[in-house]
Amino acid sequence: MYRRAFPKLASAVPVRQDGWAQRGGIDRVLTLECGRTYTVDEKVRTEDWPDILLERWSDEARRIPGWVQKPLACDFIAYAFARSGTCYLLPVAPLQRAWRQHGKEWIRRYGTRRAQNVGYVSASVPVPKDVLMLAIAAAMIVSPYKP
């Protein structure tokens, strides 16, 4: 998948050791032939769904922000659907800007999905793929400042 997205990919090195990179959302470091690097946080859903789950709270009770609203060190979220082999390469800065612009509306419109984990519950918002993609594209446009 990374080679299709980056034809001049030289390496795709997994980051498995706990540390600042893992805690900053870096699961893989991609290096292109020119030396440029990109960092990626990888998310996989086993089944195909019409939405992308945006993690609002990684621990809802303790109000620990999820990946859509916490500062991340990665450049992209690779959001994959295993059954179809489809992956959305989401640029983090525009994705998080889209969340800041539309998050409250999305919560009202699409609700929240909770996942019981060992010792905590995470909460995510299921945003339809087309809605999210349009919002990310719009978030890449920065209008002139008007006081």
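Is K43 buried, partly exposed or exposed? In this predicted model, K43 has a relative accessible area of 21%, and it therefore counts as partly exposed. K43 forms a salt bridge with D41, with the closest N and O atoms 3.3 Å apart, and D41 is buried, at a relative accessibility of 5%.

That pair belongs to a set of seven salt bridges found in a search of the whole structure. Another of them joins R28 to E42, where the closest N and O atoms are 2.5 Å apart. R28 counts as buried at 18% relative accessibility, whereas E42, with a relative accessible area of 27%, is partly exposed.

A further salt bridge is formed by E60 and R114, whose closest N and O atoms are 2.8 Å apart. Because E60 lies in the loop between β4 (51–59) and β5 (64–65), while R114 belongs to strand β8 (residues 113–117), the pair ties together parts that are 54 residues apart in sequence.

The cysteines can be considered next. A disulfide is a covalent bond between the sulfur atoms of two cysteines, and a search of the whole structure finds zero disulfides. For C34, the closest cysteine sulfur is that of C74, at 20 Å, which is too far for a bond. The sulfur of C87 likewise has that of C74 as its closest cysteine sulfur, and the distance of 13 Å is again too far for a bond. As for accessibility, C34 is exposed, with a relative accessible area of 65%, and C87 is partly exposed, with 22%.

From the side chains we can turn to the strands that carry several of them. Strands of a sheet pair through backbone hydrogen bonds, either parallel or antiparallel. Strand β2 has R28, L30 and L32 on a covered face, and V29 and T31 on an uncovered one. On one side, strand β1 (residues 9–14) pairs with β2 in the antiparallel sense over five bridges, and L9 has L32 of β2 as its bridge partner. Strand β2 also runs antiparallel to β3, to which it is joined by four bridges, with T31 standing opposite T37 of β3. β2 and β3 form a hairpin with four residues between them, and within the turn G35 has a positive phi of about 100°.

These strands belong to an open sheet of five strands, which has the order β1-β2-β3-β6-β7 and mixed pairing. The edges are taken by β1 and β7 (86–91), each of which has a single partner strand, so one side of each is left without a neighbour in the sheet. On average, and with direction ignored, neighbouring strands of this sheet are turned by 25° against each other. Strand β6 (residues 76–81) pairs with β7 in the antiparallel sense over six bridges, and the bridge partner of A80 in β7 is C87.

Helices accompany β6 and β7. Helix α3 (residues 92–110) packs on the sheet and touches β6 and β7, its direction making about 80° with that of β7. Helix α4 (residues 129–139) lies across β6 and β7 and runs at about 30° to β7.

The protein has four helices and nine strands, and along the sequence the pattern reads α-β-α-β-β-β-β-β-β-α-β-β-α. The C-alpha atoms fill a box of roughly 45 × 45 × 30 Å, taken along the principal axes. For 147 residues, a compact globule would have a radius of gyration near 15 Å, and the 16 Å of the protein agrees with this. Of the 147 residues, 39% are buried, and among contacts with a separation of 6 or more, 53% are accounted for by residues 24 or more positions apart.

Conventions
Residues are numbered from 1 along each chain as its sequence is written. This is a predicted model: local features need pLDDT of at least 70, side-chain atom pairs count only at pLDDT 80 or more; totals for chains, interfaces and linings use all residues. Side-chain values use heavy atoms; hydrogens and water are left out. A salt bridge is a side-chain nitrogen of Lys or Arg within 4 Å of a carboxyl oxygen of Asp or Glu. Buried means under 20% relative accessible area, exposed over 50%, partly exposed in between (1.4 Å probe, protein chains only). Helices (H or I, at least four residues) and strands (E, at least two) are DSSP runs, numbered from the N terminus. A disulfide is a pair of cysteine sulfur atoms within 2.5 Å. Two strands pair if DSSP finds at least two bridges between them. Axes are lines fitted to C-alpha atoms, for helices over the stretch in contact, and angles run from 0 to 180 degrees between N-to-C directions. Contact means heavy atoms within 4.5 Å. The radius of gyration is taken over C-alpha atoms; the globule rule is 2.2 Å times the number of residues to the power 0.38.
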